[in-house]
Amino acid sequence: MKKIDVTEAIFAIKKDRELTWEAISDAIGMSIVWTTSACLGMNSFTEETADKLIKYLDLPMDSKATLLENPTKEWDKAVPQDPLIYRLYEVVGVYGDTLKEVIQEKFGDGIMSAIDFTMDVDKQEDPKGDRVIVTLNGKFLPYKAW
């Protein structure tokens, strides 16, 4: 099976069973963001997490090899050359669809405002290397039907 085939199977089962990403992530013992990203093909599963996902969703056994494959994290957009800005583009490129899925699952069909919005950057000291914490805080704007 190709990654797209496995992802489409996961989406079909998720829809048919009215599952949430949170329910799926709880079932395999991983975080919601990682689980969603991996199901979208942007991260690879371990043997253990692949087995749990296959069992929970009743996926075909031939999907396991695909779930274990290392992903190709690419998208068709020009990115800046500055390393820090490039890494932020990489985050959106790799996790953008995941964020969209999780936000819309929690809030409904809509977007996060970049007008009614704040962002914080914090530093967490760590002996293994200091950590950058970026918090994006935007008002949810539901799409309007008329």
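**Exercise 1.** Name the residues that touch the most other members of the largest nonpolar core.

Solution. The largest nonpolar core has 19 residues, and Ile 10, Phe 45, Leu 53, Leu 57, Leu 59 and Leu 67 touch the most other members. A nonpolar core is a set of buried Ala, Val, Leu, Ile, Met, Phe, Trp, Tyr and Cys residues joined through side-chain atoms within 4.5 Å. Helices α1, α2, α3 and α4 each supply at least two residues of this core; helices are DSSP runs (H or I, at least four residues), numbered from the N terminus.

The model is predicted: local features need pLDDT of at least 70, side-chain atom pairs count only at pLDDT 80 or more, and totals for chains, interfaces and linings use all residues. Residues are numbered from 1 along each chain as its sequence is written, and side-chain values use heavy atoms, without hydrogens and water.

**Exercise 2.** Describe the pair formed by Phe 11 and Trp 21.

Solution. Rings of Phe, Tyr and Trp (its six-membered ring) pair if their centres lie within 6.5 Å; planes under 30 degrees apart count as stacked, over 60 as edge-to-face and the rest as tilted. The count by this rule is three aromatic pairs. For Phe 11 and Trp 21, the centres are 5.6 Å apart and the planes at 75°, an edge-to-face pair. Phe 11 lies in helix α1 (residues 3–16) and Trp 21 in helix α2 (residues 21–28), 10 residues apart.

**Exercise 3.** Is Trp 21 buried or exposed?

Solution. Buried means under 20% relative accessible area, exposed over 50%, partly exposed in between (1.4 Å probe, protein chains only). Trp 21 has 0% relative accessibility and therefore counts as buried. Phe 11, at 27%, counts as partly exposed.
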